[in-house]
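Please look through the sequence and the model shown here before reading on.

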Amino acid sequence: GSVAADLEAWAESDFGRYIRHHEHRILKQKYSTLPGYRLLQLGLAPDMQSLDYFSHMHRFSINAAPASGIAAVGNYAELPLPADTIDLALIQHGVEFSKSPKAVLAEVGRVVAPGGHLLLCMYNPYGPHGALKFPMQLLSGKPQYRFHNLRKGRVIDWLSLLNFQVLEISYGAYNPPFKDRQWEEQDSIWEKFSRKVRFPLGNFYMIHAVKRVARGISPRTFWGKASAKNHLAG
């Protein structure tokens with residue numbers, strides 16, 4: 001929350017819009033038909049366009065600090081929501097910029113209902129932006145370089161402990177942050193080739209997971225089935 005204004009300004013820069021453009025492309029093409037009633041979004045900055053790709057009746061965002069277009073403000077590690085109420089959680093870089101990524105993921109796991117979906121957008125440590133993190137931290141105090149480098153395998157391990165099954169991983173935005181805003185509209189040859197072969201070195205990766213919760217057999221269910229079998233046998 002302390003650097004939310006600076007991160008929001010960076011998200012509106014040419015490179016920030018370029019990354020968001022490619023996240024929108026994946027959301028629209030692959031996940032806009034996910035079922036459910038309630039959709040929660042957590043991110044660096046308000047992004048109403050992401051919500052518009054989905055048809056959930058109740059779509060809302062919570063931001064780490066007051067921002068334009070956001071009505072709700074809260075701590076991502078202590079969401080003001082009951083457990084098992086969200087059908088789809090869309091987390092756009094709200095994990096790697098938090099003080100405790102594991103706490104945020106655990107809280108998201110708490111509010112997502114069994115069978116609910118999670119779309120998790122993360123900056124790729126092996127992508128251009130991730131590779132620039134450490135040298136830029138020495139040369140600049142800008143907050144966009146102060147995020148946790150979280151490898152895909154590590155995040156998948158955390159999700160498995162929270163009862164999430166990973167269904168798909170997508171990558172996007174392969175260009176380095178040295179171009180102008182025309183990249184928002186035009187894909188380079190490198191971009192098209194990398195997307196075609198699913199090259200795992202994009203600026204971000206997106207995880208699609210679903211919450212699986214095993215349900216035990218209640219005594220009522222068990223005896224009900226037994227009675228039915230006895231009735232058929234008689």
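Phe199 is found in the loop between α8 (189–197) and β7, where helices (H or I, at least four residues) and strands (E, at least two) are DSSP runs numbered from the N terminus. This is a predicted model, in which local features need pLDDT of at least 70 and side-chain atom pairs count only at pLDDT 80 or more, while totals for chains, interfaces and linings use all residues. Residues are numbered from 1 along each chain as its sequence is written, and side-chain values use heavy atoms, with hydrogens and water left out.

With a relative accessible area of 30%, Phe199 is partly exposed; buried means under 20% relative accessible area, exposed means over 50%, and partly exposed lies in between, with a 1.4 Å probe and protein chains only. Not counting residues up to four places away in sequence, Phe199 touches Tyr171, Tyr174, Trp190 and Ser194, a contact being heavy atoms within 4.5 Å. Phe199 and Ser170 are 29 residues apart along the chain, and their C-alpha atoms are separated by 9.4 Å.

Residues up to four places away in sequence aside, Gln165 touches His208, Ala209, Val210 and Arg212. The C-alpha atoms of Gln165 and Leu118 are separated by 9.7 Å, although these two residues are 47 apart along the chain.

In helix α7 (residues 152–161) the buried residues are Val155, Trp158 and Leu159. They cover an arc of only 100° around the axis, which puts them on the same side of α7, the arc being that of the directions from the helix axis to the C-beta atoms. What covers these buried residues includes α4 (101–111), β5, β6 (164–172) and β7 (204–211). Just after α7, Asn163 takes a positive phi of about 70°.

Leaving aside neighbours within four places in sequence, His129 is in contact with Trp10, Phe15, Tyr123, Gln144, Tyr145, Phe147 and Asn203.

How many cavities of 30 Å³ or more does the count give? The count comes to two, where a cavity is, on a 1 Å grid over the protein atoms alone, a set of points where a 1.4 Å probe fits but cannot get out, and lining residues have an atom within 4 Å of a point. Grid points are joined across faces, edges and corners, and a volume is the space filled by probe spheres set on the points.

The largest cavity has a volume of about 170 Å³ and is lined by 14 residues, of which Ala11, Arg20, Glu23, Leu44 and His93 lie nearest its centre. The elements that give two or more residues to this lining are α1 and α2, and the largest share, four residues, comes from α2. The second largest cavity holds about 30 Å³ of space and is lined by 10 residues, with Gln41, Gly43, Ala45, Ser61 and Ile62 nearest its centre. At least two residues of that lining are supplied by each of β1 (38–43) and β2 (58–63).

Taken as a whole, the chain has nine helices and seven strands, and buried residues make up 48% of its 234 residues. Among contacts between residues at least 6 apart in sequence, 73% join residues at least 24 apart. The chain averages a pLDDT of 84, and 85% of the residues score at least 70, pLDDT being the predictor's confidence in each residue, from 0 to 100. Over residues 221–234 pLDDT stays under 50, and for these residues the model has one contact beyond four places in sequence.

Technical notes:
On a 1 Å grid over the protein atoms alone, a cavity is a set of points where a 1.4 Å probe fits but cannot get out, and a pocket is an open set with protein on both sides within 12 Å along at least five of seven lines; lining residues have an atom within 4 Å of a point.
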